[in-house]
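Good morning, and thank you for the time. I would ask you to look first at the sequence and the structure, and then to follow me through them.

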Amino acid sequence: MERLQKVIAHAGIASRRKAEEYIVKGRVKVNGKVIRELGTQVGKSDLVEVDDVPIYKEEYGYYLFYKPKGVISAVSDNKGRKVVTDYFTHIKERIYPVGRLDYDTSGLLLLTNDGEFSQRLTHPSHEVDKVYVAKVKGLAKKHDFLPLTKGIKIDGYKTAPAAFQIISVDLKTNTSIVELTIHEGRNHQVKNMLQSVGYPVQKLKREKYGDLTLKGLRPGEYRSLNKKEISVLMNQSK
Ligand code: URA
């Protein structure tokens, strides 16, 4: 069961607020009866009409995608570049990415058409750990990264404490591989954090999102989330 305004908004007819307006004004019928109460619960078998036109109820879809680098985290691009939804040619739902990864970042990206799911996951209070692996310039020294575990100032805000691990250093190429775990999701956050402690990022990949990993997927491939994975993610938000 779902709230009537959500069902209308999800059908793409109106925003949630507009949908509420339609309900209050008596423009919405459920099973032939005008319903003016906000928050009325409707189920899959209920017939919902707006201005006597039945709405089309789209199924929800939740996908875990291995985003390749060189792809925009969007549903369209005015410069004609490849976008993540170009990889989803065989699905009916009109999905969009939950948050985003930079054009040159690869890794785990979730996509859905469930606005509430997406809003919850991208809300700052949603404290799901995301694990990134970065190739950085320079030979990583542990003490340089310690400030990240307390939080550092970037563009006027303080980052939440992060965890890091130095995976390897390569003397020949003067680069290192560093793993960083954060639960925030500001623009270019990992790149900015590592740059701030003196290690510019050359390559970035998101390996984990909560308990979810890229296991079994190659770049450009995706799979559906199962019910348990969806509910775990929903319940991780405050
Ligand atoms: N942090 C970044 O800097 N870039 C990403 O794509 C994701 C996190």
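I shall begin with the chain as a whole, then turn to the ligand, and close with some individual residues.

This is a predicted model, in which local features need pLDDT of at least 70 and side-chain atom pairs count only at pLDDT 80 or more, while totals for chains, interfaces and linings use all residues. Residues are numbered from 1 along each chain as its sequence is written, and side-chain values use heavy atoms, with hydrogens and water left out.

Let me start with the overall picture. Taken along the principal axes, the C-alpha atoms of the chain fill a box of roughly 75 × 35 × 35 Å. The secondary structure comprises six helices and 17 strands; these are DSSP runs numbered from the N terminus, helices being H or I with at least four residues and strands E with at least two. The chain is divided into domain 1 (2-54), domain 2 (62-125 + 214-236) and domain 3 (130-209), with bounds from an automatic or database domain assignment. Between the centres of domain 1 and domain 2, taken over C-alpha atoms, there are 28 Å.

Of the 238 residues in the chain, 45% count as buried. Buried means under 20% relative accessible area, exposed means over 50%, and partly exposed is in between, with a 1.4 Å probe and protein chains only. The chain exposes about 13,300 Å², and carbon and sulfur atoms supply 49% of that area. Accessible areas come from the Shrake-Rupley method with a 1.4 Å probe, and for residues only the protein chains shown count as cover. Among the contacts in the chain with a separation of 6 or more, 62% are made by residues 24 or more positions apart; contact means heavy atoms within 4.5 Å.

I now come to the ligand. Which residues are around it? They are Leu101, Asp102, Thr105, Tyr132, His188, Gln189, Val190, Lys191 and Leu204, where a residue is near a molecule or strand if one of its heavy atoms lies within 4 Å of it. This shell divides into four nonpolar, three polar and two charged residues. In that division, Ala, Val, Leu, Ile, Met, Phe, Trp, Tyr, Cys and Pro count as nonpolar, Asp, Glu, Lys and Arg as charged, and the others, Gly among them, as polar. Helix H5 (residues 189-196) gives the largest share of the shell, three residues. Why does the ligand lie between domain 2 and domain 3? Both domains give residues to the shell around the ligand, so the ligand lies between them.

A polar backbone atom of Asp102 is 2.7 Å from an oxygen atom of the ligand. A backbone N or O atom of Lys191 lies 3.0 Å from a ligand oxygen atom, and one of Val190 lies 3.1 Å from a ligand nitrogen atom. On its own the ligand has 240 Å² of accessible area, of which the protein covers 96%.

Next, a residue beside the ligand shell. Ser73 is found in the loop between strand E7 (62-67) and strand E8 (96-97). Its relative accessibility is 11%, so Ser73 counts as buried. The side chain of Ser73 reaches the backbone oxygen of Leu101 at 2.8 Å, and Leu101 is one of the residues around the ligand. Leaving aside neighbours within four places in sequence, Ser73 is in contact with residues including Lys67, Val84 and Leu109.

Is Thr159 buried or exposed? Thr159 is buried, with a relative accessible area of 3%. Among its contacts beyond four places in sequence are Glu184, Gln189 and Met193. Asp155, in the loop between strand E11 (153-154) and strand E12 (157-158), is exposed at 73% relative accessible area. Its phi is near 45°, a positive value in a residue other than glycine.

Finally, Asp46 lies in the loop between strand E4 (41-42) and strand E5 (48-50). At 18% relative accessibility, Asp46 counts as buried. The Asp46 side chain makes a polar contact, a pair of N or O atoms within 3.5 Å, with the side chain of Asn31 at 2.9 Å; within protein, one atom must be able to donate a hydrogen and the other to accept it, and residues adjacent in sequence count only if both atoms are side-chain atoms.
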